[in-house]
Structure formats: C-alpha cells, structure tokens
Amino acid sequence: MQTFKIKDEFLVDGIPTKIISGAIHYFRIPPSQWEHSLYNLKALGANTVETYIPWNLHEPQEGSFDFSGFKNVVRFVKIAQELDLMVILRPCAYICAEWEFGGLPAWLLKEPDIRVRSTDPRFMEKLKNYYQVLLPKLAPLQITQGGPVIMMQLENEYGSYGMEKSYLRQTKELMLAHSIDVPLFTSDGAWLEVLDAGTLIDEDIFVTGNFGSHSKENAQVLKEFMQNHQKNWPIMCMEYWDGWFNRWGEPIITRDPEELATEVKEMLEIGSLNLYMFHGGTNFGFYNGCSARGNTDLPQITSYDYDALLNEAGQPTEKYYAVQRVIKEVCPSVWQAEPRTKTLKNLGTYPVNKSVSLFHIKEQICEEIKTDYPLTMEQASNGYGYLLYSLTLKNYGHKNKLRLIETNDRAQIYIDGKYNQTQTQETLGDEMMLEGQKNQPTIALDVLVENLGRVNYGAKLNSPSQSKGIRNGVMQDIHFHLGYRHYPLTFEQAQLDKIDYSAGKDPSQPSFYQFEFDLAEEADTYIDCSLYGKGVVIINGFNLGRYWNHGPVLSLYCPKDVLKKGRNEVIIFETEGISIDTLIFSDQPIKKDLS
C-alpha cells in the first residue's frame, strides 16, 4: 500500500515526487474512451489525473442518485489505478468548470432565496444528503485504503466568491465524518485577496493556485502567502490553463503550442502542476455553462475542446508533443510513449423520414400543467432544456401591448401559430404589439423559453436570473394575464417515444425531424449542423447537445458509443423555422470563422 504526505515536498512512499497531472472529466467523454485518454496522459509523462465531480449530474432530482454509464466515477478512478496513475478528486459542491450552474443542481432554486455556497441551513442540509451518498463511494478509493486518490478538494475558487470560513469548516467536517482522510486542499487565483478569503490554511488545508502563465510571479505569491502562515508546503498549480473555453458567436480561442510548452517548462522547474484541460471533451445535453460579463450572460458552446492537448474527440494535438518534450527535459527519468490515435469517419448522408410541429403534439408528449400564474422551469420540470407556455388571450379587436416580465433566457413568441419575434436578454421585457385575427374572440399565444445555461462563475450564482423561464408573468395591455398551460421539453426517452409524426408538419414552427437509417459499423464522427438554425440533436435517445448557426462551431461530436450497428434513430429539434432535409456526418468538425 502506497503512502502520500505533504511536507516541504510531496512524498509518495517517502520519496520526493513532482506531481505532473492532467485534467480529464469522465462526464465529458464516453466510458469507452476513458482508458484511451488516461493512457495518453500516462504516455505524456504524467503520473496523476485530476477530475471534478459535478453534483447536478449525480443527483439530477433531489434524493435521486445516478452513478452509471458516463457518471461512473468509481470505474474511471479504477481504470486510472490500473494504469498506475495517482488521482486528484474534486468532489466539492461547486466546481465551475464551465458546467451548468457550476455543478450546483437546478432543483436548489426551488428554495426561495436560498444562498448557495454558504452556511444557509437549507443548502448545507442538501449538501450533507449528497455527501452521505457520494463520499462512501470515494472513501475506499483513497491511497490510505489501497486506492490511487491522493488528495480531495474542499471548495473551488471560493475566494473568488465568498469569505465565509464557517462554510468551509462545515464542509470539511462533512468530509471528515465520511472517512475522508487524504489531504484536503483549496484552489484559488494567485493573489492575496482571494487566497485570504478562500483558504483554511491555518487549519492545515493545503493551498494551491490556478493560473496559466507568469509561473514565477504566481508561484512567489503562493509561497509568500504560505510563509506568512508558517507553512513550508510545495508549490502546485491546480489548474494550469493550457487553452480556454468558447462562447456562442465569438471566435475560437487558441494558444500557441510552443508558447505553452515554454510556460509549462518554467512551472515544472518551480513545482507541480495539473494541466487544465488535458482532454476537454463535450458538454453533452444541456450541461454547458454560461459566463457573465457585467450584466451580459454569454452561454458557452457544446464543444469543450478547450484547445487542449487532446482535442474534443481525443486525438493528440501539436500541443501534446510540445508539452511531452519539455516534461522530458525537466524530468528525464519519466516514462513516456507514443500516444494512441483513432480514426474518425464520415458515416454518410441520410434523408429525413418524418417531421412534425411541436404545437401539434404538445399535449401528447408533455403532461400539461395548468396554473393561474406562470411556473419557472425548476417548478415545472427538471430546470433544463425548454418550457413552452401557452396562453389564451382575449382579442379586443385592435392592437394591444404585450410584455414578458422577468424571463430567462431566450423566448420565441408565436401569435395564433405564426412566428412573431425572438427576445433575448437584451430585449426581454421590451414592449411588442399584439393583434389577433379578425372575427376571432381569442388569441393563441405560445412562448417557447430556452434555458441557455446557468452562470457557472462569479457574482451571479445567487442572482434571480439563475431561475429560468417566466418568473413573473405576461402582461397584456397593462395587466398580468391569468391562466397558463405549461409543456416542459426535457427530451427524455419517454417523451421522445410519444412523438406522433403524423400529427402535421409546419417547418415555420418549432419542429421535430426524425431520421432512421442503418449503419454497417460504429465509429466516432461529427454531425454537420451548418445547414440548421438552432436546436438539439438526439441519437438513439442520447442528447448530443445544442447546435447554433451563430458558431463558432457548426457541428456536434458524436462518439461511437451512442451509435449502433444496424438501425439508428436521430431526432433533431429545430426552433428557427428552418426546414431540415438531410443528416450529414463528417470526419472532422465544422467551424465558422468569426475573427
């Protein structure tokens, strides 16, 4: 059984050891690729893998837990151990990670005015319930019990959010109560204010930093902070940013491989590091996060390629070889090898089989919820995806003002089945004019609201805008309307199975398009979405994620895990009134130059 200690150096079985780690998020890559990515990390010259553990993934509904398939973190850790990799786990309540709500479950928002990441008793009780299930699964994986896990994170970049030490202490006590006995750590930016606010250094919780350049300067800040608290710990960058994430409508962010290699070499000469990301992967489903720039929310794209050492599909990049070279220069005794590669394939082009308008089947596929005043997404369903609000308004025979009050994030308005306009955060709440058909006593109003992704970092974590849908109401003239019918669209298999494609198509309305085709083989591939508008693609019941013609990526990565030899079904939900005729596969991603 190995041992791991933190003294003035990291000691593995008493031997001073430099931690060379890479981040691989098991939940962003399919299980069949875990061994492939972990092997390539080992071949790079690394001795450790790091991963977050997102709360919202494992407890999607309060009290209902899931650790199967993509979510089987125990299996991921055991594969790492088989490859002789040590493991750093980050099972904290909040992970950031450009992940929906920073990993916090949407159902927390059902509690009025709950304050997340604090000693709010409601929040701590729910975290305790989660840890009672999660931590007993992780405890046997610790190095103290024969496993590969050497450290676990207490909280993530808390100094960039709060300073409530009692919250950190209560979280620590929860972890200790469930037999977590490996060293705990925090990670924060490398400047005094956040280190002072976000650490428990005086209670021997190890301190690490997050940065991606200026290694000497940032390491010196960490060193001085530790010395001021009488600690002589080794320097470690827990997130050495080797690339960056991307947002809809913005150019792809890249970093020069040789520039990165030079910076990595400098950091390794100083101490230890975790490359963030080694393999980024994909924000499947509705799990992409959202940045906040001032008052503007900027949702992130489905691809989490991150310009990492392995690309989204797991292929080694130029960065891989550049970093591998400098690791050998600094640590000549490390084991390295040629990385494994894979072949991506174009699986062909297929015509659409059937299509149907959402408005023709909404009562069939959704359990209609009727209320006087509107429900939010969290109240009406699981808090993700789309929620259709249908209202019957009185037709006064002339134009009326109409406003959506306190709505997030994107609303498409249809009057008597015809598209009127789309409102986003810049225009939501703006006044529009409503006019019904002559000689009709009522007006049918449909509002399709999409949750584009909750903010994952910063001051908005407790903002009312984190609750999605219509929070206040719809005003006709200057009064709030009474009477709402809600149709939650989560695209779970039970809902997809109810789609009746014979109910009538209308491409001008939000629509489902079905493709059925046979494949002779399974292969990693991409789906070319460049001819589509905005929506999601579901393959054999698995939600690949969102596409959007805003770019910068106009394709979706499709791992072979979700395909089958023989018959396959693809369902596309398109919201922009674009008629979809073909499904096109590609052996490479499709990108849009926004520079």
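Predicted model: local features only at pLDDT ≥ 70, side-chain atom pairs only at ≥ 80, totals over all residues.
**Entry 1: salt bridges overall**

I began with a search of the whole structure, which returned 33 salt bridges. As background I noted that side chains of opposite charge can pair when their charged atoms come close.

**Entry 2: Glu111 and Lys126**

I looked up Glu111 and found its side chain in a salt bridge with that of Lys126, at 3.5 Å from N to O. The two residues belong to distant parts of the chain, 15 residues apart, with Glu111 in the loop between strand E6 (86-90) and helix H4 (121-138), and Lys126 in helix H4 itself.

**Entry 3: Glu368 and Arg485**

Next I turned to Glu368, which forms a salt bridge with Arg485, and I wrote down 3.9 Å for the closest N and O atoms. This pair also links distant parts of the chain, since Glu368 lies in the loop between helix H10 (358-365) and strand E16 (369-371), while Arg485 lies in strand E25 (residues 484-489), 117 residues apart. For Glu368 I noted a relative accessible area of 30%, which is partly exposed, and for Arg485 a value of 23%, likewise partly exposed.

Which residue does Arg546 form a salt bridge with? Its partner is Glu450, and the closest N and O atoms of the two are 2.8 Å apart. Here the link runs between two strands, with Arg546 in E29 (residues 542-548) and Glu450 in E22 (residues 442-450), 96 residues apart in the chain. Both Arg546 and Glu450 are buried. I also followed salt bridges that share partners, and these join Glu62, Glu111, Asp120, Arg122 and Lys126 into one network.

**Entry 4: cysteines**

How many disulfides does the structure hold? The count is zero. I looked at Cys92, which is in no disulfide, and found that the nearest cysteine sulfur, belonging to Cys96, is 10 Å away; a disulfide would need the two sulfur atoms within 2.5 Å. Cys92 counts as buried, with 0% relative accessibility. I then checked Cys290, also in no disulfide, for which the nearest cysteine sulfur is again that of Cys96, at 11 Å. Cys290 is buried as well, with a relative accessible area of 1%.

Key: Residues numbered from 1 in each chain as written. Heavy atoms only, no water. Salt bridge = Lys/Arg side-chain N within 4 Å of Asp/Glu carboxyl O. Helix = DSSP H or I, 4+ residues; strand = E, 2+ residues; numbered from the N terminus. Buried < 20%, exposed > 50% of the residue type's maximum accessible area, 1.4 Å probe, protein only.
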